[in-house]
Amino acid sequence: MTEKGVLNILFILGLILASLSCFVRADYNLALFAFAFFIWDNEKVHSIKYQVRLTYFFLYTLLFDILWIAIWIFIWQGSKLDPHSFENKFHKVIMVINIANVFVKLASTIFMARNNEVVKDSLKPSTAFSNFLDFVRCR
């Protein structure tokens with residue numbers, strides 16, 4: 001299987017995981033992975049600029065996912081719920097799904113960089129800050 005095929009499978013896996021976790025939170029990953037699936041190798045929109053931005057967007061949302069997990073894992077563990085209740089088990093399942101989604105997003109980002117030399121070069125420390133500013137300024 002090619003790296004492009006692996007990347008598409010990761011996007012679809014991210015879609016599935018995000019569709020399962022959206023029962024508890026408004027999950028932007030659902031839209032993000034759908035957008036990535038349709039844009040990444042689209043002949044009509046094939047632009048290196050979009051691929052670099054999408055890679056940076058994956059990295060930024062990865063930080064937010066980790067922050068969400070770090071906050072909610074402590075809130076849900078500290079709740080007064082019965083450990084055997086359905087809600088407590090549901091929270092644990094959602095947490096596992098979100099952790100899996102973080103790994104899928106990380107793997108997707110790695111394959112996005114491996115798949116494209118320009119994306120890989122944009123992640124180097126010498127260019128990363130200027131690319132970050134371009135991303136924030138929407139250039």
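Which residues form a nonpolar patch on the surface? Select Tyr28, Phe64, Leu67, Ile71, Trp72 and Ile75: together they have about 560 Å² of accessible area. Patch members have over 30% relative accessible area and no salt bridge, with nonpolar side chains joined within 5 Å; a salt bridge is a side-chain nitrogen of Lys or Arg within 4 Å of a carboxyl oxygen of Asp or Glu. Areas are Shrake-Rupley values with a 1.4 Å probe.

Before moving on: this is a predicted model, where local features need pLDDT of at least 70 and side-chain atom pairs pLDDT 80 or more, while totals for chains, interfaces and linings use all residues. Residues are numbered from 1 along each chain, and side-chain values use heavy atoms, without hydrogens or water.

Trp72 sits in helix 3, residues 48-77, and is partly exposed, at 32% relative accessible area (buried is under 20%, exposed over 50%, partly exposed in between).

Now switch to cartoon for the protein chain. You'll find 6 helices and 0 strands, in the order α-α-α-α-α-α; these are DSSP runs, H or I of at least four residues for helices and E of at least two for strands.

Zoom out. The C-alpha atoms fill a box of roughly 50 × 30 × 20 Å along the principal axes. Color by burial, and 35% of the 139 residues are buried.

Note on methods. Patches are made of residues with over 30% relative accessible area and no salt bridge: like charges are joined within 9 Å, nonpolar side chains (Val, Leu, Ile, Met, Phe, Trp, Tyr) within 5 Å. Buried means under 20% relative accessible area, exposed over 50%, partly exposed in between (1.4 Å probe, protein chains only).
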